Amino acid sequence: MKRKYTYLVLYVAVVQFCFGQKKIEVNNTDFTIAFGSCNKQNNPQPFWNEILKNTPNVFIWGGDNIYADSEDVLKIKNDYALQNSNSGYMKLKQSVPVMGTWDDHDYGKNDAGIEWSKKKESQQLFLDFLEVSKDSPRRTQHGVYTSRIFEIDKGNIKVIVLDTRYFRSQLKKSANGNGRYEPHDNNEGTILGEEQWKWLEKELENNYSDFVVIVTSIQFLSSEHGFETWGNFPHEVARLKEILLNKKVRNAILLSGDRHISEFSITKIPSLKYPLIDFTSSGLTHSYSAYRGESNKYRIGNVVSIPSFGVLKFDFDSYEVTMQIRGKNNVVLQEFKQQYPKD
């Protein structure tokens, strides 16, 4: 695949980018996030020890944490139990806080949204999986969205986890055969639903965190591939961009999964002080091995189409974030560095 340099040129003064295998480098890291998606509970799971080598402060599930795909609630429960019994994952849970969202296969049905008949039951099983207390308000809300602020001596990071399933309108099937789906017209449909949008706006207003990490199971920027993406609801993409701008959200970074590939996408929102990056990491146990290329006008660097996980390293002195796609033996397959404004 040809490399794309559009945004590399635009931000050459503030970012560094490299790809290909490289040795682990020592750098100033005050806080580390590890994340990943697309994890088959029945498959070998080689990355848990590799993730721990990065000493993360939190691990975030990006969705498709198991592959259940069933109307049988007991099957979904048993699939979660199988994942929870994995020795490597058990070790990680004992060492690191775990957050996460779901995608379609752990939700219970491929590409499903608001119409899924078992979503209420599935939500409780997902919260059980994450060991959320039975008296948590998350047990009675609609959807699995949540947030958490991580405090360190030098500052803090707010992690916002979105639910792109529970409220999402049905997708519009492609009329021309170019992909599975096509964008809705005339502001039709929603991804987050009004209840979650109102919650998100409150989470983002008057927010003084040094960084805001927003987790969305499906890609936000890449929208040309014809599969699930925020781009199927372009007015929802515009709405989130407007909120980031109008609420003057500091240093937001998007994390996504779903695609069985890993890549970096980047865009510039006029008047926003920093470029908006969508870091896609997928998958943990399997990948798009037959990948032969697809368009993504926001991509920088190359697509990684072998199993991998994502790492973000935050330096609070320089306000630089090092984003890494890591693979077998914890090797860095691709790296992107972005320096963010301090004010």
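**Leu312 and its surroundings**

A: Let's start at Leu312, which touches Phe31, Thr32, Ile33, Phe35, Ile253, Leu255, Phe279, Val321, Thr322 and Met323, leaving aside residues up to four places away in sequence. Touching, or contact, means heavy atoms within 4.5 Å. The model is predicted, so local features need pLDDT of at least 70 and side-chain atom pairs count only at pLDDT 80 or more, while totals for chains, interfaces and linings use all residues. Residues are numbered from 1 along each chain as its sequence is written, and side-chain values use heavy atoms, with hydrogens and water left out.

Leu312 also belongs to the largest nonpolar core, which has 92 residues; Val159, Trp230, Leu312, Phe314 and Met323 have the most contacts inside it. Such a core is a set of buried Ala, Val, Leu, Ile, Met, Phe, Trp, Tyr and Cys residues joined through side-chain atoms within 4.5 Å. Buried means under 20% relative accessible area, exposed over 50%, and partly exposed in between (1.4 Å probe, protein chains only).

Follow Trp230 next: among the residues that touch it is Thr164. Thr164 sits in the loop between strand 6 (155-161) and helix 7 (193-204); strands (E, at least two residues) and helices (H or I, at least four) are DSSP runs, numbered from the N terminus. Thr164 counts as buried because its relative accessibility is 0%. Its side chain makes a polar contact of 2.6 Å with that of Ser217. That term means a pair of N or O atoms within 3.5 Å; within protein, one must be able to donate a hydrogen and the other to accept it, and residues adjacent in sequence count only if both atoms are side-chain atoms.
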